[in-house]
Amino acid sequence: LQHPPEAVHGLEGSQQDGTLGAAFLFDLSTGEQLAELRSAMTEAEDRFGASVAIGDGVALVAAPNENENARNAGRVYVFDLSNPGAPIEADRLQPSQIEHHAGFGTAMAIDGSTAAISEIGGGDSGRVHLYRLTDPTDPVRLAEIEPPVEGAFEQFGWSIDFDDRRLLIGAYGSAAMLYEVQFASDPIFRSTLAVPDPASIS
């Protein structure tokens, strides 16, 4: 798997000091800043830049508190990096069911052309959405992943790691669930990685 030659770093917006937030694109070989990723649609309270992800020719920047359609519903901005020195905002993503306090974009990761984006307040206890990003101007919604046991976890999708078609989804203060994503439209649950009881750790 070839990794992108650029890195992206987010600087979260803050309602307290009025900053809108941004993400910054860097050349990994030189450390040079190539570009800033911003959107004219965001406000300070949206937390634009709170999470970011990068793939081959595409970057995602989340605003998990975006309020346009529902309070703190969240939105993810897709940037085309075909020209890394002049990125283009190509699309904006939201889940098919927009909910209050869903926090869409709290955590994100890209493996190949497949993106995983969490929605920690969606459904009963959170969910993760998979998209195909082959064309940044036309992302394709592939699947939604719910917790393997209903009601057993809180804020499913608090953290995400995605590499070599293995997707690890963490729940807040709890376990992590491992999925195999051979076919992104049909992810397969494989196992639960349980967190030890803090009382048992010396």
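Predicted model: local features only at pLDDT ≥ 70, side-chain atom pairs only at ≥ 80, totals over all residues.
**Exercise 1. Determine where Ser125 lies, and whether Ser125 counts as buried or exposed.**

*Solution.* 
Step 1. The loop between strand 9 (114-119) and strand 10 (127-132) holds Ser125.
Step 2. With a relative accessibility of 9%, Ser125 counts as buried.
Step 3. Neighbours within four places in sequence are left aside when the contacts of Ser125 are listed. The residues in contact with Ser125 are then Ile120, Pro147, Gly151, Phe153, Glu154, Gln155 and Phe156.

**Exercise 2. Classify Val76 and Ala7, each of which lies in a strand, by their accessibility.**

*Solution.* 
Step 1. Val76 has its place in strand 6 (residues 75-80), while Ala7 is found in strand 1 (residues 6-11).
Step 2. Val76 has 0% relative accessibility and therefore counts as buried.
Step 3. Ala7 has a relative accessible area of 23%.
Step 4. Not counting residues up to four places away in sequence, Val76 touches Leu60, Val61, Ala62, Asp91, Arg92, Leu93, Phe104, Gly105, Met108 and Ile117. With neighbours within four places in sequence left aside, Ala7 is in contact with Phe24, Leu25, Phe26, Leu28 and Ile54.
Step 5. Ala7 and Phe26 are 19 residues apart along the chain, and their C-alpha atoms are separated by 5.2 Å. Val76 and Asp161 are 85 residues apart along the chain, with a C-alpha separation of 17 Å.

**Exercise 3. Describe how strand 4 and strand 5 are arranged.**

*Solution.* 
Step 1. Strand 4 (residues 52-55) pairs with strand 5 (residues 58-63) in the antiparallel sense, over 4 bridges.
Step 2. The bridge partner of Gly55 is Val58, in strand 5.
Step 3. The two strands form a hairpin with 2 residues between them. In the turn, Gly57 has a positive phi of about 80 degrees.
Step 4. As a general point, side chains in a regular strand alternate between the two faces of the sheet.

**Exercise 4. Characterise the protein as a whole.**

*Solution.* 
Step 1. The protein contains 0 helices and 15 strands.
Step 2. Its radius of gyration is 17 Å, close to the 17 Å that the globule rule gives for 202 residues, so the protein is as compact as a globular protein of that length.
Step 3. The C-alpha trace spans about 45 × 40 × 40 Å along the principal axes.
Step 4. Of the 202 residues, 46% count as buried. The accessible surface comes to about 10,200 Å², and carbon and sulfur atoms account for 47% of this surface.
Step 5. Among contacts between residues at least 6 apart in sequence, 42% join residues at least 24 apart.
Step 6. The protein carries 11 positive and 31 negative side chains, and the centres of these two sets lie 3 Å apart.

Conventions: Residues numbered from 1 in each chain as written. Heavy atoms only, no water. Rg over C-alpha atoms; globule rule 2.2 N^0.38 Å. Buried < 20%, exposed > 50% of the residue type's maximum accessible area, 1.4 Å probe, protein only. Contact = heavy atoms within 4.5 Å. Areas by Shrake-Rupley, 256 points an atom, 1.4 Å probe, with all protein chains shown as cover. Lys, Arg positive; Asp, Glu negative; His and termini not counted. Charge placed at Lys NZ, Arg CZ, Asp CG, Glu CD. Pairing = 2+ DSSP bridges.
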